[in-house]
Amino acid sequence: MSSQDIPEENLPAEQEAAHVAVSIADEKDPFADPGLPPHEHRIQDIDERAARRSERMVALLFTVSMLATVGFIAAYVGIPRDKSIFVFPIGHLSALNFTLGLTLGVALFCIGAGAVHWARTLMSDVEIADERHPIEAEPEVRAKVHADFKQGAKESAIGRRKLIRNTMFGALTLVPLSGVILLRDLGPLPGTSLRHTLWSKGKLLVNMNTNQPLRPSDVQVGSLTFAKPEGLEDTDEEFQTEIAKAALMIVRLQPDNIKDKRELEWSHEGIVAYSKICTHVGCPISLYEQQTHHVLCPCHQSTFDLSDGARVIFGPAGHALPQLRIGVNDEGYLQALGDFEEPVGPAFWERG
Amino acid sequence: MSTTTNDESRTRGKAPAGERVADWADGRLGIYSLAKANMRKIFPDHWSFMLGEVSLYSFIIIILTGVYLTLFFHPSMNEVAYHGSYVPLQGQLMSEAFNSTVHISFDVRGGLLVRQIHHWAALIFLAGMFVHMMRVFFTGAFRKPREINWLFGFLLFVLGMFTGFTGYSLPDDLLSGTGVRFMEGAVLSVPIVGTYLSYFLFGGQFPGHDFVARFYSVHILLLPGIMLGLVVGHLILVFYHKHTQFAGPGKSEKNVVGMPLLPVYMAKAGGFFFLVFGAIAAIAAVAQINPIWAIGPYRPDQVSTGAQPDWYMGFSEGLIRFMPGWEVNFWGHTLVLGVFIPLVIFPLVLVAIAVYPFIESWVTGDKSEHHILDRPRNAPTRTGLGVAWMTVYLILLVGGGNDLWATHLHLSINAVTWFVRIFVFVGPVIAFLLTKRICLGLQRRDREKVLHGRETGIIKRLPHGEFIEVHEPLSQEQLHTLTAHHQYEPAEIGPTVDENGVERKVKGSQKLRAKLSDALYGEESQISKPTVDEYKEITSGHGHH
């Protein structure tokens with residue numbers, strides 16, 4: 001770029017002298033608005049060669065965009081969907097996504113860059129002042145509108161015939177009720193469904209991973225086992241809804257370590273079963289610290305002490321995890337001795 | 001309108017095709033009167049004015065890509081086994097929604113790109129609106145006549161949040177399902193009607209079979225429909241009010257200085273659409289977002305660690321995480337304050353910023369139009385309040401990611417949570433005081449510059465040995481720019497006894513208003529700008545410096 005050697009004939013006849021003059025403050029009011037500063041020419045305004053360079057640059061950008069679109073089509077046709085490439089420093093990427101994205105990006109970006117460069121270098125950059133007019137109407141207009149409105153209201157007689165007015169308001173108020181009523185069948189009423197789960201007396205505890213009923217010997221100290229009630233299969237129609245309430249976590253503690261009396265009573269040989277659904281807003285609890293017997297909800301970090309009735313020791317949960325009373329059946333499998341005695345999951349108004 | 005063609009150019013029948021089309025359209029739509037007012041409309045230039053444009057263009061990009069995605073997405077929660085080309089998920093049970101999203105990502109060529117553009121554009125849309133709102137707030141662009149447009153913009157931001165939330169919940173993946181579960185827990189906490197609301201929302205017990213289809217219609221029809229209307233209204237008002245501008249030589253409340261719509265602004269703004277679109281496409285090419293195939297389908301009994309909502313929902317996550325687990329049981333009922341209080345504060349945080357313009361205009365009692373923008377320093381209390389609000393927002397964002405802060409910085413999760421619990425109250429106070437102080441300092445510096453000129457950095461030694469720094473007087477342009485802002489006087493209640501010594505009743509609202517006015521414009525809250533007399537007195541004595 002040699003902006004220094006502008007040919008003589010292209011230079012403006014006289015340099016803007018005003019620029020220097022303005023900087024001396026007005027004697028009377030030095031803070032007064034001096035008005036728009038004089039326009040300063042860009043190199044493109046005075047040197048046709050520079051203008052032509054800009055033109056070529058804009059055209060080049062538009063041409064690159066066209067090429068990129070051709071590249072996009074070629075990539076769409078030519079690159080297999082499952083091809084992966086290594087791009088430093090990002091790592092392995094889908095070749096198709098990478099190429100389509102970049103070609104589309106370049107095609108779009110170059111149109112934008114071309115248009116902006118065109119506007120900045122070749123279109124007139126003389127600042128223009130537009131007048132503003134107050135948003136408020138003139139007093140006459142205001143008076144006219146008010147008068148018109150009063151005339152219209154008077155002609156309708158809405159103020160005089162109050163019976164019409166009042167019944168109309170009544171009808172208009174009531175009619176949206178139909179719309180509200182129609183929403184009733186969005187869902188059934190809660191009833192007591194939040195209080196019950198699939199667990200009941202005699203239901204075996206089935207290991208979530210192996211799909212086999214659990215024996216006490218399957219549960220070791222320090223491990224965290226997830227269980228579901230027997231008979232619930234993940235292909236069931238209502239599996240998601242049932243597991244959202246029935247999910248269970250089982251740990252084995254040393255019976256001496258259990259501080260809560262009821263917890264000990266409801267356990268079997270130190271094996272305790274608690275609802276896996278956090279009592280805060282219902283995330284499944286999944287982190288177990290075997291040394292302290294704490295479980296942590298990974299969503300909002302509510303922490304429960306499994307050796308002390310699963311009471312809350314930190315975080316936003318409001319009450320302890322519900323415990324499921326368990327025992328073993330005649331064949332030596334772990335079984336539930338009833339449903340949860342309180343609702344599982346987040347608290348609600350009717351919970352009590 | 002005359003139907004005869006007595007116009008010279010028309011009788012010749014040789015008018016260019018474009019002109020003939022325009023004439024045809026004008027005869028039916030009256031486009032010429034519209035164009036007369038707008039074709040050469042003036043738009044001022046400032047870098048911060050592009051923030052709103054970023055939001056507008058990303059909104060358009062979201063609509064374009066969103067329509068494409070609807071062609072392939074199945075908003076259904078029917079369980080199906082996966083048989084697509086992504087091997088690790090083979091045979092796994094998942095909802096049709098998840099299945100079709102994986103299909104878009106792996107078996108539709110360019111589908112992943114469009115999905116990623118859609119998601120990135122949504123994040124940028126919300127971020128753009130957030131920063132644009134801050135620009136409007138800190139420069140006082142919300143003042144009369146633009147209060148309604150401020151509300152339009154605010155509604156767009158809030159609706160954008162919910163459109164985003166319903167959108168990222170659609171694939172029914174493990175991460176978004178966890179977010180939906182969080183929402184269900186929050187709805188359950190509402191006193192009296194919570195369980196009913198939840199059952200109506202999910203068509204029964206969570207998760208049920210309905211929410212994806214319902215979110216789908218909310219996400220692609222209801223909310224974007226309202227938003228489109230608001231965007232159009234927002235733009236019409238921008239055109240109608242004409243754009244604001246910063247103070248400067250030749251710029252006043254009565255004019256707008258800049259470049260005409262045709263051609264400069266059209267080329268710049270139109271070009272900027274392509275720049276934004278191109279940049280987002282490039283981001284979508286290299287930066288993976290929401291890889292649902294790696295996260296897996298939703299199961300209510302499974303979760304991953306480090307679960308995070310999209311950024312704009314993060315502050316609500318912070319609210320729920322720092323809140324202690326308060327529950328009140330009485331008469332067989334439970335008041336779940338630990339969840340319900342955050343649910344109430346969530347909209348209040350947003351409403352606080354939305355109502356500010358109305359509070360300020362009530363305090364100033366100013367009925368005039370404002371088209372010249374404030375520099376943030378010249379409204380120290382407003383700027384301080386804005387920064388305090390942002391501090392609350394950012395601390396809540398930290399709280400929303402307390403587990404990530406703890407694991408990445410090797411801190412205790414309890415310590416991070418306690419930090420949030422304390423600083424959500426203390427932080428904004430500190431931020432307010434600091435910001436106000438900085439603003440006042442900057443005002444003092446402006447005053448100094450006006451009265452004593454610019455520091456040149458030239459040190460001169462006087463004959464008697466004293467060293468002085470030469471100050472150069474400012475040009476009239478600079479003097480005008482630095483003194484153009486309006487300064488309010490604090491509102492006075494006036495004497496509480498009248499001339500007869502009878503006590504006058506002063507309403508509580510008047511007292512409050514006077515107090516607020518003093519807080520906004522009292523001696524503590526602004527440095528009076530230099531007057532012409534002060535300037536003359538200092539500059540008349542030469543050799544003063």
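Chain B holds 20 helices and 10 strands. The model is predicted. Chain B has 545 residues, and 43% of them count as buried. Its C-alpha atoms fill a box of roughly 90 × 85 × 65 Å along the principal axes. Chain A touches chain B through 85 residues of its own and 97 residues of chain B.

**Chain B: domains**

- Chain B is divided into three parts: domain 1 (8-38), domain 2 (42-314 + 329-373) and domain 3 (438-492 + 506-540).
- Between the C-alpha centres of domain 2 and domain 3 of chain B lie 42 Å.
- These two domains of chain B do touch: 8 residues of domain 2 are in contact with 11 residues of domain 3.
- On the domain 2 side of that contact, helix 14 (residues 337-364) of chain B gives the largest share, 3 residues.
- The domain 2 side that touches domain 3 of chain B has 5 nonpolar residues, 3 polar residues and no charged ones.
- Among contacts in chain B with a separation of 6 or more, 73% join residues 24 or more positions apart.

**Chain B: helix 19**

- Helix 19 of chain B covers residues 508-521, 14 residues in all.
- At 1.5 Å a residue, helix 19 of chain B should span 20 Å, and its end C-alpha atoms are 20 Å apart, which agrees.
- Which residues of helix 19 of chain B are buried? They include Ser517(B), Leu520(B) and Tyr521(B).
- An α-helix has 3.6 residues a turn, so residues three or four places apart point the same way.
- Gly508(B), Lys511(B) and Leu512(B) are exposed, on the other side of helix 19 of chain B.
- What do the buried residues of helix 19 of chain B pack against? Their partners are helix 14 and helix 15 (380-400) of chain B.

**Where chain A meets chain B**

- The contact takes 85 residues from chain A and 97 residues from chain B.
- On the chain A side, the elements that give two or more residues are helix 4 (95-121), strand 3 (128-131), helix 7 (239-246) and strand 11 (311-314).
- Helix 4 of chain A gives the largest share of that side, 18 residues.
- By class, the chain A side has 51 nonpolar, 21 polar and 13 charged residues.
- Strands pair across the two chains: 4 bridges join strand 3 of chain A to strand 5 (residues 255-260) of chain B.
- Strand 3 of chain A and strand 5 of chain B run antiparallel.
- Glu131(A) stands opposite Asn255(B), which lies in strand 5 of chain B.

**Chain A: domains and sheet**

- Chain A is divided into domain 1 (8-121) and domain 2 (195-336).
- The C-alpha centres of domain 1 and domain 2 of chain A are separated by 63 Å.
- Chain A has an open sheet of 5 strands in the order 4-5-6-7-12, with antiparallel pairing.
- Strand 4 (205-207) and strand 12 (323-324) of chain A stand at the edges; each has a single partner strand, so one side of each is left without a neighbour in the sheet.
- Within chain A, strand 5 (residues 224-229) and strand 6 (residues 248-252) run antiparallel and are joined by 4 bridges.
- Leu224(A) has Val251(A), in strand 6 of chain A, as its bridge partner.

Technical notes:
Residues are numbered from 1 along each chain as its sequence is written. Chains are lettered from A and ligands numbered from 1 in the order in which they are written. This is a predicted model: local features need pLDDT of at least 70, side-chain atom pairs count only at pLDDT 80 or more; totals for chains, interfaces and linings use all residues. Domain bounds come from an automatic or database domain assignment. Two residues are in contact if their C-beta atoms, placed from the backbone, lie within 7 Å. Ala, Val, Leu, Ile, Met, Phe, Trp, Tyr, Cys and Pro count as nonpolar, Asp, Glu, Lys and Arg as charged, and the others, Gly among them, as polar. The expected span of a helix is 1.5 Å times one less than its number of residues. A residue is buried if 20 or more other C-beta atoms lie within 10 Å of its own, exposed if 12 or fewer, and partly exposed in between; C-beta atoms are placed from the backbone. Two strands pair if DSSP finds at least two bridges between them.
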